[in-house]
Amino acid sequence: MRILDRLEEGFCAMALLATALILFVNVTLRYVFSASTSWAEELIKYLMIWITFVGGSLCVRRGAHIRMDFLLGKLSPKSRGVVDRVIYLVSAVFCGFLAAYGVQIVSFNFRSGQVSPALEVPMWIVYSAIPIGSGLMTLRFLQRMATPSEGVN
């Protein structure tokens, strides 16, 4: 699992760095040289989609998703653990359904051969963020369900 942890973190870091660099170059070209690239905005949008889905998994692993713990604070530690497990199970089921639906979307886009307008990248690659990220989140929620009292990794 440590390899998967590093892959998630490395991907998000590199995608965020690439997004920042491309955005900086495009803004500089636009406002300093009165020219811009036609593909930069599209690539940034697609990288942000991937960062969101893979980053969601990273947040689950670290326990960084927002949660309302007002009521949890009033429960005993044992009851809190049970509620945490139920929440993680429901979240894993939701993400599992999202991953399955994402596979259908990717399959449809693969068969249709749709490509993006500026980059001409097959759209199934872009849409693959949904099943991959949701699948990773499902795995991470199941991990947290197995050890809900575990702190931030």
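Trainee: Which residues does Asn26 touch, not counting residues up to four places away in sequence?

Mentor: Asn26 touches Ser36, Thr37 and Ala40. Remember that this is a predicted model. Asn26 itself lies in helix 1.

Trainee: Why is Asn26 called buried?

Mentor: Its relative accessible area is 6%. Buried means under 20%. Asn26 therefore counts as buried.

Trainee: How far is the C-alpha atom of Asn26 from that of Thr52?

Mentor: The separation is 22 Å. Along the chain, Asn26 and Thr52 are 26 residues apart.

Trainee: What makes Ser34 stand out in its phi?

Mentor: Ser34 has a positive phi of about 55 degrees, and it is not a glycine. Most residues other than glycine have a negative phi. Ser34 sits in the loop between helix 1 and helix 2.

Trainee: Why does Ser34 count as exposed?

Mentor: Its relative accessibility is 68%. Exposed means over 50%. The value passes that cut-off, so Ser34 is exposed.

Trainee: What is the phi of Glu120, and where is Glu120 found?

Mentor: Phi of Glu120 is near 60 degrees, a positive value in a residue other than glycine. Glu120 is in the loop between helix 3 and helix 4.

Trainee: How do you know whether Glu120 is buried or exposed?

Mentor: Take its relative accessibility, 58%. Exposed starts over 50%. Glu120 therefore counts as exposed.

Trainee: Which class does Trp124 belong to, and why?

Mentor: Trp124 has a relative accessible area of 30%. Buried is under 20% and exposed is over 50%. The value falls in between, so Trp124 is partly exposed. Trp124 is found in helix 4, residues 123-127.

Trainee: What does Trp124 touch, not counting residues up to four places away in sequence?

Mentor: Trp124 touches Val106, Asn109 and Phe110. The C-alpha atoms of Trp124 and Ile105 are separated by 7.9 Å. Those two residues are 19 residues apart along the chain.

Trainee: What about helix 2 and helix 5: how do their axes cross?

Mentor: They cross at roughly 5 degrees. The axes come within 8 Å. Helix 2 covers residues 40-62, and helix 5 covers residues 129-146.

Trainee: Why is helix 2 called roughly parallel to helix 5?

Mentor: Angles under 35 degrees count as roughly parallel. The crossing angle is roughly 5 degrees. Helix 2 is therefore roughly parallel to helix 5.

Trainee: Which residues of the two helices meet?

Mentor: On the helix 2 side, Ile49, Trp50, Phe53 and Val54 are among them. On the helix 5 side, they include Ala129, Ile130, Leu136 and Phe141. By class, the contact divides into 11 nonpolar, 4 polar and 4 charged residues.

Trainee: What makes Ser57 buried?

Mentor: The relative accessible area of Ser57 is 0%. That is under the 20% cut-off, so Ser57 is buried. Ser57 is in helix 2. Leaving aside neighbours within four places in sequence, its contacts are Glu8, Gly133, Leu136, Met137 and Arg140.

Trainee: What is the volume of the largest pocket, and how many residues line it?

Mentor: The volume is about 310 Å³. The lining has 14 residues. Nearest the centre lie His65, Ile66, Arg67, Ile87 and Phe141.

Trainee: Which elements give two or more residues to that lining?

Mentor: They are helix 2, helix 3 and helix 5. Helix 3 gives the largest share, 3 residues.

Trainee: How does the lining of the largest pocket divide by class?

Mentor: It has 9 nonpolar, 3 polar and 2 charged residues.

Note on methods
Residues numbered from 1 in each chain as written. Predicted model: local features only at pLDDT ≥ 70, side-chain atom pairs only at ≥ 80, totals over all residues. Heavy atoms only, no water. Axes fitted to C-alpha atoms, helices over the stretch in contact; angles between N-to-C directions. Helix = DSSP H or I, 4+ residues; strand = E, 2+ residues; numbered from the N terminus. Parallel < 35°, antiparallel > 145°, perpendicular 65-115°, else oblique. Contact = heavy atoms within 4.5 Å. Nonpolar A, V, L, I, M, F, W, Y, C, P; charged D, E, K, R; others polar. 1 Å grid on protein atoms, 1.4 Å probe; cavity = no way out; pocket = protein on both sides within 12 Å on 5 of 7 lines; lining within 4 Å. Points joined across faces, edges and corners; volume = space filled by probe spheres on them. Buried < 20%, exposed > 50% of the residue type's maximum accessible area, 1.4 Å probe, protein only.
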